[in-house]
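Here is a short briefing for a first look. Start with the picture, then take the topics in turn.

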Amino acid sequence: MSSTGPLAGLRVLDLTIALAGPMCTQRMGEMGADIVKIEAPGGGDFSRYSTMAGITKFGDATTFVTLNRNKRSLILDLKSDAGREVLYRMVKDADVLVQNFRPRVASKLGIDYATLSAINPRLVYGSISGYGEDGPLKDRPGQDLLLQSFAGLTMNAGRSSELPHPSPLYMVDVSASHQLTEGVLAALVARATTGRGQEIKVTMVSAIMEMQVQELTSFMAAEAPPTRSGSPQASIYMEPPYGIYRCADAHIALAQVDLDRLGDVIGVPALKALKTSRPSQKDSAALMRWRDDIYDAVAARLREDTVAHWDNLLTEHGLWCGPVNDYATFLAHPQTQRYLTTMTHSKGGEYRTVAPAIRFSGDPDPSLRGSPRYGEHSREVLLEAGFSIAEVDKLFADNVAVSPVVDV
């Protein structure tokens, strides 16, 4: 199966499930690598059937379809000795293996880095876990909302009188996937010099800490760190009027804007006085009142006119702002179209999804293939790995590998 892109010619064995791992390997597939997704008998990656709001496409959950394009599916029982022997044989010719098992699962299965690097010293081995391999939380599930809550993110916005405010996105998974992709690519560059692979470990807790590097460092450096107050703050670390405001018809977001200029443009001269009365960081109670007073003054004025009015007026004066869209409005916007793509699925039919985020001048129009059906490529991959037709048939007969199930 020929491909183009900067990673063309590389073989990646993908043992991942859910979001963080599959997004990492999908990105490498978009860059041209051959991704073999090894799924367990009995259903495979649970994201095939774990839906978002019950939405499916081509028999799979959209969560799977979205994160597994440019991959081939092989069903293989890695809990059996024969299944592990198949993997060991495939590892001999692989460049990368990625897994996101809980700590110690890989070693229990006999597919940890120490074992596999002895078979192929050039193997680059990437793993993602929730909290790492040691510490009191090492066995806890690495789930996005739980990590957001653990790492303090949910207390970094909103009103003090309301519940903590989580992100509705799986932002920790996404960040961890990017970190592991970067690590794997760096290890491949190093291998070109040393001739040896290495292991790259990423944890979700380190990913969310890196995302909050400004806030965490500022907190540790502050004598009196900020906290949530009465107004609905977008971030407790950003100077007002940073946040979202209701207008007469919808909502608008204000970023970093000068209070003097904002007061002049929207006709609230009191903002100048509020700017000059900024309390000391040591007086946290006064600082909270000051921030809420600014929010309330701006909010009262913006409610008097429409989003379009304020967006045009503020933009004309160089003040950073923008409308708050829902998905329908965002996806219909002409600016958005260049970042969407239409995919064709092997089961028949098309679907719209997000295009690859990284563009290469050497491969401006990468070849994209839809996500694989469960076990669609089992026979094809095993034959490519050097197994004879008789060996493949025996693997299927013994349920070590599973014959393609292409219509689930």
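Helices (H or I, at least four residues) and strands (E, at least two) are DSSP runs, numbered from the N terminus. This is a predicted model: local features need pLDDT of at least 70, side-chain atom pairs count only at pLDDT 80 or more, and totals for chains, interfaces and linings use all residues. Residues are numbered from 1 along each chain as its sequence is written, and side-chain values use heavy atoms, with hydrogens and water left out.

**Overall**

- The protein has 16 helices and 13 strands.
- Its C-alpha atoms fill a box of roughly 85 × 45 × 40 Å along the principal axes.
- Of its 408 residues, 46% count as buried. Buried means under 20% relative accessible area, exposed over 50%, and partly exposed in between (1.4 Å probe, protein chains only).
- Contact means heavy atoms within 4.5 Å. Among contacts with a separation of 6 or more, 70% join residues 24 or more positions apart.

**Nonpolar cores**

- A nonpolar core is a set of buried Ala, Val, Leu, Ile, Met, Phe, Trp, Tyr and Cys residues joined through side-chain atoms within 4.5 Å.
- The largest such core has 30 residues. Leu13, Ile38, Leu76, Leu87, Leu97, Ile111 and Leu382 touch the most other members.
- At least two residues of this core come from each of strand 2 (34-39), helix 3 (81-91), helix 4 (105-109), helix 5 (113-119), helix 15 (378-384) and helix 16 (389-397).
- Helix 3 gives the largest share, five residues.
- In soluble globular proteins, nonpolar side chains tend to be buried together.
- Beyond its neighbours within four places in sequence, isoleucine 111 is in contact with residues including Leu15, Leu87, Phe101 and Tyr125.

**Helix 13**

- Helix 13 spans residues 307-316. Val307, Trp310, Asp311, Leu313 and Leu314 are buried there.
- The cover over these buried residues includes strand 10 (251-254), helix 10 (259-266), helix 12 (284-302) and strand 11 (321-323).
- Glycine 318 follows helix 13, with a positive phi near 75 degrees.

**Aspartate 45**

- Aspartate 45 sits in the loop between strand 2 and strand 3 (56-57).
- Its relative accessible area is 1%, so aspartate 45 is buried.
- Setting aside neighbours within four places in sequence, aspartate 45 contacts Thr16, Ile17, Ala18, Pro22, Lys37, Glu39, Phe64 and Asn68.
- The side chain of aspartate 45 reaches the backbone nitrogen of serine 47 at 3.0 Å. This is a polar contact: a pair of N or O atoms within 3.5 Å, where, within protein, one must be able to donate a hydrogen and the other to accept it, and residues adjacent in sequence count only if both atoms are side-chain atoms.

**Serine 231**

- Serine 231 is in the loop between helix 9 (213-221) and strand 9 (243-246).
- Serine 231 counts as buried because its relative accessibility is 2%.
- Its side chain makes a polar contact of 2.3 Å with the side chain of glutamine 233.
- Leaving out residues up to four places away in sequence, serine 231 touches Gly158, Arg159, Arg291, Asp292 and Tyr295.

**Threonine 4**

- Threonine 4 lies in the segment before strand 1 (11-14).
- With a relative accessible area of 42%, threonine 4 is partly exposed.
- A polar contact of 3.1 Å links the side chains of threonine 4 and aspartate 363.
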